[in-house]
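User: Could you take a close look at one part of this model for me, the nonpolar patch on the surface, and then walk me outward from there? I would like the cut-offs spelled out as you go.

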Amino acid sequence: MKKTILASIIFFLLPLFAKAEEITSIWHGRNTITCFEDGPCSLCDALKLVANASDFLAQLAVVLAGGLIIWGGIKILISSGDTKKNFGEAKKIITSAVWGVIIVSGSWIIVNTALQVLSGDTNPPWTTIDCG
């Protein structure tokens, strides 16, 4: 059973690894950090790093939640309504995954808004930080 769960998790995470350069680029994400080439790092570069890490963690959480929702659906199909325990457990997995996505999305909005306020950037789009 544990091997099946591990194989399922790896299978559903493969798309994440296929876009590894695009997703895991904390240094060159939506907010490119160039202080290593241009000179000393500033507070603005630290804010950009936090924003990129926040984006990465939010993307990872959504991918994992999608995998958990699929896993809960598979458990519902396998239980076929036989036992309340398996069906209830699968329903709890799906509900927890959906609530997790809602909480992560709200947290992402709060963090990005706070970073915009700290950087003093008032120009849209609000998902990028420009301290210039």
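Analyst: Happy to. The nonpolar patch on the surface is formed by Ile69, Val98, Trp99, Ile102 and Ile103, which together have about 480 Å² of accessible area. Patch members have over 30% relative accessible area and no salt bridge; nonpolar side chains (Val, Leu, Ile, Met, Phe, Trp, Tyr) are joined within 5 Å, and like charges within 9 Å. The areas come from the Shrake-Rupley method with a 1.4 Å probe, and for residues only the protein chains shown count as cover.

A word on the source: this is a predicted model, where local features need pLDDT of at least 70 and side-chain atom pairs count only at pLDDT 80 or more, while totals for chains, interfaces and linings use all residues. Residues are numbered from 1 along each chain as its sequence is written, and side-chain values use heavy atoms, with hydrogens and water left out.

Back to the patch. Helix H5, residues 84-119, gives the most to it, with four residues. Tryptophan 99 sits in helix H5 and is exposed, at a relative accessible area of 53%. Here buried means under 20% relative accessible area, exposed means over 50%, and partly exposed lies in between (1.4 Å probe, protein chains only). Helices (H or I, at least four residues) and strands (E, at least two) are DSSP runs, numbered from the N terminus.

Now for the helix that H5 runs against. The axes of H4 and H5 come within 8 Å and cross at roughly 170°, which makes H4 roughly antiparallel to H5. Axes are lines fitted to C-alpha atoms, for helices over the stretch in contact, and the angles run from 0 to 180 degrees between N-to-C directions. Under 35 degrees counts as roughly parallel, over 145 as roughly antiparallel, 65 to 115 as roughly perpendicular, and the rest as oblique. H4 passes H5 in a left-handed crossing; that label applies if the near helix is turned anticlockwise from the far one by less than a right angle, and right-handed applies if clockwise.

The side chains of glutamate 89 and lysine 75 meet in a salt bridge at 2.8 Å, N to O. Because glutamate 89 lies in helix H5 and lysine 75 in helix H4, the pair ties together parts that are 14 residues apart in sequence. The rule asks for a side-chain nitrogen of Lys or Arg within 4 Å of a carboxyl oxygen of Asp or Glu, and by it the count comes to one salt bridge. Glutamate 89 is partly exposed at 34%, whereas lysine 75 counts as buried at 15% relative accessibility.

Isoleucine 78, found in helix H4, is exposed at 63%, and its C-alpha is 9.9 Å from that of alanine 90, 12 residues away in sequence. Isoleucine 70, also placed in helix H4, is partly exposed at 36%; isoleucine 70 and alanine 90 are 20 residues apart in sequence and 9.9 Å apart, C-alpha to C-alpha. Alanine 46 lies in helix H4, which spans residues 43-79, and is partly exposed at 37%.

Stepping back to the whole chain, there are five helices and zero strands, and the elements run α-α-α-α-α from the N terminus on. Buried residues make up 25% of the 132 residues.
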